[in-house]
Every structure is written in structure tokens, then in C-alpha cells.
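Please keep the structure open as you read.

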Amino acid sequence: MTRDNHSWNGRRSMTLRDVARSIGVSESTVSVVLNGTRSGTRVSATTRLSVIQAAEKLGYRPNAQARSLLTGRTNRIGIYSGRSRLTASGTFFADLLGGIFEGSGEVGMNTVVHTSGSEPDKLLDLVSDRAIDGLIIHARADDPIVPMLDELKVPTVAVVDAIDFLPSVTADDVSGGQMQARHLASRGHRHVLYKQTAATAQSAITRMEAFVESASAHGIRVTVHEGLDNVSPLTDRDLQVLTDGDNRATALVGWNDWQAWAACAVLRERGMSIPGEVAVIGFDGFEFRDFNITSIRAPWREVGGTAVSILSRLLSGDAVPALTNLPVEFVRGETT
């Protein structure tokens, strides 16, 4: 069985001129009917109907660039994610992007995803060309894009990590850290290893500080070890804290679920029972096939959708809250 090759046949799109010629009216008349152009041209109901029928017959579609010049809007929003590359294959980004895409559809907007990592100049070009109406950013406070935002002059909403001078949508990291501490205290733990990310993300710092403060109030000693990357396997230094006789940590908190999962994998390899010898708890609420991890479920999809809603209100000239902090939920798994 053979398959024919495919190629673009070069058939051009229908224009306003084509529609106008087909029914013998001026281009300005067609533009008034189809593109909403404001002019002195008066169009009767009969002519308006003829223009619409001719456009449908010819397959005419209004030119998006021309319409944006008339309305000052592109109906597109940009998505930027700092030094990390947005990818739907990651559980966190899949939820966040899914919420943004769903929210965009609900308000009639399209999305442009910026994936150039540490190259914000390309985003500057996109905004300077007025290719987007607004921007949603997931970035740390020290990201190169942050000091450029004032220059961009485009409505912007931050997600996950709050930025002081922008409307921000976050999950309640403070409550999440407190829930982790209360649960481990209720299980009798008195020494905990907290495995923190090497990144300076404000959300990670906030949830760790909330955990440490709450754990201390419950009489729990906390040892904090920073990983070499966002998610790091347990090191010999970590394992020493978890096996140091009577002084050992009996529980481990991962700054997110993937860190908790990486810890579980190493503990299992070492023949250590979970939660018998070491209890493990994470943050995100994701599901894993091999470990049913106790966690804090964060509404990342809702964070994305809410950010779009707030951005849409900004574009309409409405006042919006400086911070929208969405609630999290404790989820008991099999690791504590």
C-alpha cells in the first residue's frame, strides 16, 4: 500500500476585496459588516445579509492582525516560566498549564507559551511587537524578566511564587507546612529531616519556614538539608541523619512530591521500611504508581485558571486583589 506525499497547494485565503467583488459592493462596506470597522458607511439590513452570505460561501475568515489593529487586542496571552522549561510531561506543569489553557478557553483567549528558559529577550520581542495582550509568569523574584516588567507595560499576573508588585495567585504554602508538622507530631516524631530544593523559589522557602516554625512549636527538631538540584536523591549525609542511632530523624519531608518520591526510592534500595523506620511526606498531592505518598494537595490547575480570570479582569480595567491564596488539603497516604 502506497501513500501519496502531501504538500501545500498555495491556495490563497479569501480577502475583503473578493467578498466585495462577488456582490458588487465596496470593501469598506464589507469591512463594516465583517470586521466591525467604524466609518461613515451606512449598511442596510439587506446588504448586511448579502455580505454575510457571500463571506460564508467564499470561506472568508477575518484577518486576525487587521482586527487587532482595529480593536487594540490580539486575544492572546503569553505564558513565561523563568529558568525552567515549561513542559506538559511534568506533573506540576501539566496541571498548571492545563488550568491556564482551560481558563483561556473560558474567556475566549488563546495562549502563547514561551519556552526559551533563561532567554527573556525573546519574550521582550514578543511583547514589544504587541503579539499578546497580557502575560502570566511563573518565576522567582531574581529572574531576569522581573526588572523588565515595568518596561514591558503589559498586564501581568504571577503564579505559584508571589511577586510583590504583581497580582499573584498561589497555593497556601503556610497552611501546607503547618499541616505537615501537625501530622508528624501526631504520629510521635521528634526529629525530622527536611529535604529542601536548591532553587530560591519563594513558595518552597515559605512552606519550609512554616513547617520549621510549626514543628518547633510541637517540640520537633528539624534538620534541613538542601539538595544539589530541584529534586535530589538522598546523599550519604542525608542517610547518616536517618540512621544515627537514638538521635536519628524518624521522618523525612520533601519540599515537593518528587523529592519525597526520590527519597522513598533510595530508602527502599537500602532496605529501610516506610513508614516503619522512616516516615515520608511531600507537597503537591500527585499520585505515583509505586508509592502512595502522604502529601499536601495543592490546586495547581485551579491556580492556572484563576490567574487567567484575574488577567482577563485586568485587561477589562477592573481592580483585582494583590494576592489570591488558594487552600490546600492534607492527603494521608501509606508513607506516614
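## A buried pair

The side chains of D238 and K195 meet in a salt bridge, with N and O 2.5 Å apart; the term stands for a side-chain nitrogen of Lys or Arg within 4 Å of a carboxyl oxygen of Asp or Glu. D238 sits in helix α10 (residues 236-243) and K195 in strand β6 (residues 191-196), so the pair ties together parts that are 43 residues apart in sequence. Both D238 and K195 are buried (buried is under 20% relative accessible area, exposed over 50%, partly exposed in between, with a 1.4 Å probe and protein chains only).

This is a predicted model, where local features need pLDDT of at least 70, side-chain atom pairs count only at pLDDT 80 or more, and totals for chains, interfaces and linings use all residues. Residues are numbered from 1 along each chain as its sequence is written, and side-chain values use heavy atoms, leaving out hydrogens and water.

E27 pairs with R17, their closest N and O atoms being 3.1 Å apart. E27 is partly exposed at 35% relative accessibility, and R17 is partly exposed at 44%.

## The wider picture

The count comes to eight salt bridges. Of the protein's 336 residues, 47% count as buried.

Definitions and conventions: Helix = DSSP H or I, 4+ residues; strand = E, 2+ residues; numbered from the N terminus.
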